[in-house]
Amino acid sequence: MGGLIETEYTTCDLCGSEDQTLLYSKIDPVTDQEFHVVECRCGMAFVNPMPSEACIPKLYPPDYMEGKELMDSRYSRMLDLLPDEAGGRLLDIGCARGDFILRAQRRGWSAEGVDLIPWNRSEHPSILIGDLIEMDLPENYYDAITAWAVLEHVRRPSLYFRKVSTLLKDKGLFIFIVPNFDALGMRRSCSEDIPRHLWLFTTRSVKSYLEKNGMDVVRIMHNSSIYTAYPFGLLRDLLYGLSPRPRHCSAIENRSVSLLRNAQLRGNLLRWLSEVRSRVKPSDMLLDALDLAMGVALSKWSSLIRNYGIITVIASKNGEKKLRENQKTS
Ligand SMILES: [Zn+2]
């Protein structure tokens, strides 16, 4: 890949604190560099030192989007989260190839998107390439803004929450998906895609970001209907867990699951199994299988107890005021 990733120390984006605890270290297979995940006392966890702004595009391999195209059923679940505004204005942040924008347009939305990286877009459409924060877009203009698994990838989420709040109309909706680091096992599993995921949110930190920017939670959903999260690696963490923290992910990660980083193996069960047979030691295979079962069970359980590893959030600009007014009139 494209050379050394420069990094710099950063303070917590949510509370500004410099007081952090090292949670784990992980060697990134894309860049071959080691990155560290720290936790702030406010509950936000993040990569620190953090890749510099200029190096962010270098973190993504050319095949990053391969196998990530969602099925139509998932797009329709995303569209169903949008309000009923025929002809409403929609902005999709981190729109990649623009597949969601296309579908929203077909449903009558006047939809456009922004992305930092010009992904290979086959069809069209209204996509601006560049840094959203610096873009001169109309304020109080959009009925809905979406960010599907994007905010964990940006260097300063606080700037995005602020920008979204200025771009949304009053009572407009901000609909987004982020990892929930508070979910069962997620803090100890190393399963986050570090350092592409730079910030690991919790429901508490999400609420705090929204409140600071004049938005309120309408609904938080804990389910796997759009993206899934599995805390793989916990079995080895338990086995080696007697040693004190911090840990190194290479010691605990699920060897078989990590082969799925190769885009060609995703969604191809037989190829993946044959790769596992040739690359994973038999003793590790058993641990991997048990760990896989444990990760799947925990993931299901997390959803049932409403503390899932990925959360879908619907927030409203000045929504609380609206809610109070609604309560008064009903
Ligand atoms: Zn903090």
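How many bridges join strand 7 to strand 8, and do these strands run parallel or antiparallel? I looked this up before anything else. I found 3 bridges between strand 7 (residues 110-115) and strand 8, and the two run parallel.

**Ground rules.** I am working with a predicted model, where local features need pLDDT of at least 70, side-chain atom pairs count only at pLDDT 80 or more, and totals for chains, interfaces and linings use all residues. Residues are numbered from 1 along each chain as its sequence is written. Helices (H or I, at least four residues) and strands (E, at least two) are DSSP runs, numbered from the N terminus.

**Whole chain.** I counted 11 helices and 14 strands in the protein chain. Its radius of gyration is 20 Å, close to the 20 Å of the globule rule for 330 residues, so the chain is as compact as a globular protein of that length. That radius is taken over C-alpha atoms, and the rule is 2.2 Å times the number of residues to the power 0.38. I also checked burial: 38% of the 330 residues are buried. Buried means 20 or more other C-beta atoms within 10 Å of the residue's own, with C-beta atoms placed from the backbone.

I traced an open sheet of 7 strands in the order 8-7-6-9-10-14-12, with mixed pairing. Strand 8 (127-129) and strand 12 (215-221) are its edges, each pairing on one side only. Two strands pair if DSSP finds at least two bridges between them.

Next I looked at helix 2 (residues 99-106). It lies across strand 6 (89-93), strand 7 and strand 9 (142-148), and runs at about 170° to strand 7. Axes here are lines fitted to C-alpha atoms, for helices over the stretch in contact, and angles run from 0 to 180 degrees between N-to-C directions.

**Helix 5.** In helix 5 (residues 203-212) I found Thr203, Ser205, Val206, Tyr209 and Leu210 buried. Down the helix 5 axis they fall within an arc of 165°, so they line one face. The arc is that of the directions from the helix axis to the C-beta atoms. These residues pack against helix 3 (157-167), strand 10 (168-179), strand 12 and strand 14 (310-317). Contact means C-beta atoms, placed from the backbone, within 7 Å. Glycine 214 follows helix 5, with a positive phi near 70°.

**Helix 3.** I listed its buried residues: Pro157, Tyr160, Phe161, Val164, Ser165 and Leu167. They fall within an arc of 165° seen down the helix 3 axis, so they line one face of the helix.

Technical notes: Two residues are in contact if their C-beta atoms, placed from the backbone, lie within 7 Å. A residue is buried if 20 or more other C-beta atoms lie within 10 Å of its own, exposed if 12 or fewer, and partly exposed in between; C-beta atoms are placed from the backbone.
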